Structure formats: structure tokens, C-alpha cells
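Take a look at the structure first.

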Amino acid sequence: MSIVVTGATGHLGRRVIDALLAGQAPAAGIAAAVRDPEKAADLAKLGVELRVADYDRPESLRGAFEAGDRVVMISGSEVGKRVPQHTAVIEAAKAAGVAQLAYTSVLGGPEADFDLAREHLVTEELILDSGLPYTLLRNGWYTENYTENLGPVLEYGAVVANAGGGRVASAARADYAAAAAAVVTGEGHLGKVYELSGDTAWSFAEYAAVVAERSGREVAYRNVPAEEHLAILTGAGVPKPFAAILVDVDEAVARGRLARTTGDLARLIGRPTTPLADTVAEALRKR
């Protein structure tokens, strides 16, 4: 039996592996399911087993899981393709007889009424219908969704969004990764649904103030209409379909859909979630 992490070379998947290793899970009991084993060569050197698993090639998934495995299923990153991709993973996991399927879903579940959430909700239903032992990790927003795009913010001195006064209860990717590691190494998590978010919800005005303080630059929040934000994003080279998703998310923020602070994340990881200012400071150090 192994703990299997799909998408193990991605931003979140790799952090789950790191969290498992840091939590004293033996490397020999961890399997990284990856499209390209060469990209995970460093994990192999640590003793982590590599298994080829391509969401777009269902035949590859047949060897990705074994009976009794506990699986962290990282949601696919290709919006519009995730339902067939996730279906293939679920079917392979069921055929193998895994002991647990922990899926990284979206905060709020059925209440998440924005476009980016739809495939997550379909996936949750597929998991429930499969009869697999499951844990649903309804992840809120990663703070890095914002801090990884500080270049334009610092260049123009503005955080631009159409989120009004809405708030985001974000946390660092490492926090969510630690939660995933906790539910597949601990007991009592089967059949549970966790609403995961940061301890504190912040507004975009507060985010701009933190960036200004930490960078020593003048940065302000510029709230714009959705149509103007869409034009700004596409004008900066963001493909229109993805830009539309970002604008739609901001509208969800304005409706309060990403502001929930349940405390589930902090309880699972046994510590407070990473403060916004810490993630901003880390991003600035890396620039």
C-alpha cells in the first residue's frame, strides 16, 4: 500500500509530496503519479516511487493505483477538460480498489456559483456515485494566485480587480498541501468534507496596502467594472476565455463566495494558516 499523489510535479502536488516527507512518511511508501518521469527525477532520488499517469491517457492510469492505496487526486489544470480527465482517474481508482480518494475540490461546494467551480462540482458527484471511500478537500484560493503576479502590480502601482469590497480567505499552497497530507496519513477522514480556507479574509484594498508596505512602493486598489477588467486583461495578452474566468471569479469574490473562514484548514494542519503578509514578503524576496 502506498500514498499516491497525482499531478505530483505541479505546484500543489509537489508540495503535497514535500509535506508527506516532512511529516516523516517514509519515501518508500509514497508514489508520485506523473506524466513525465524525467520531471520527477529528484523525487526518485529521494526514494519516492514514480508511476506514469496521464489524465488524457486513461490506459496509463490502469497502472497508477494499487489495491489499498490512499490517493490524493489533484484536480486538473485544464479548464474545460477536467470532467473527462477526472472521470478517468476515478474509474482507475475504483478498478484498483483504493482505500481512499482525497480530491482537491472548491470552497463552498454547491454554493460555489462561478464558472471555475462547475467541473469540481461534477467531479464531486462522480466520486460520490463511484462508491469509493473519499475525502473532499474543498480548497479556497491560494494566496500565490495573486502574489505570483506582482510584476504588473509593482510596475503600475495598482491592484486591479472587479471584486468591489469582497474578501478572500486565502492561504498558502503549502497550507493546503499539508492538509492533504494530513487526511491521507491520519485516521477518521473517510466520508468527510472539509471547507478549507485561510484564517483571515482580506479585501483587495488590504492586499494592496500589504504589497505597498512590504515593497516600499505606492500601490493602491483600483476597482473597475467587469467589462473594463476584461479589456485590461486581454490587452495584456491574457487569452479571452481565461480572462473571462478571472473576471467571473472576481464577481464571485464580490458576492462573498471566497470569504468563508471555517477553521477547517488550521485544524487539519495543527497551526494557523500562513498570513497574507508572509506570502507577499516571500514573493518579493524571489523577485
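In α1, His11, Leu12, Arg15, Val16, Ala19 and Leu20 meet Arg173, Ala174, Tyr176, Ala177, Ala178, Ala180, Ala181, Val184 and Thr185 of α8, where contact means heavy atoms within 4.5 Å. Sorted by type, the residues of this contact are 11 nonpolar, two polar and two charged. Keep in mind that this is a predicted model, with local features needing pLDDT of at least 70, side-chain atom pairs counted only at pLDDT 80 or more, and totals for chains, interfaces and linings using all residues. Residues are numbered from 1 along each chain as its sequence is written, and side-chain values use heavy atoms, leaving out hydrogens and water.

**Helix pair α1 and α8**
- Helix α1 covers residues 11-22 and helix α8 residues 173-185; their axes come within 8 Å and cross at roughly 55°.

**Nonpolar cores**
- A nonpolar core is a set of buried (under 20% relative accessible area, 1.4 Å probe, protein chains only) Ala, Val, Leu, Ile, Met, Phe, Trp, Tyr and Cys residues joined through side-chain atoms within 4.5 Å.
- The largest one has 56 residues, and Val5, Val16, Leu20, Phe65 and Leu196 have the most contacts inside it.
- Helix α8 gives this core its largest share, seven residues.
- Apart from it there's another core of 33 residues, including Leu107, Val210, Val249 and Ala283.

**Around Phe65**

**Helix pair α9 and α13**
- Helix α9 (residues 204-215) packs against helix α13 (residues 276-286) at about 50°, with axes 10 Å apart.

Methods. Axes fitted to C-alpha atoms, helices over the stretch in contact; angles between N-to-C directions. Helix = DSSP H or I, 4+ residues; strand = E, 2+ residues; numbered from the N terminus. Nonpolar A, V, L, I, M, F, W, Y, C, P; charged D, E, K, R; others polar. Buried < 20%, exposed > 50% of the residue type's maximum accessible area, 1.4 Å probe, protein only.
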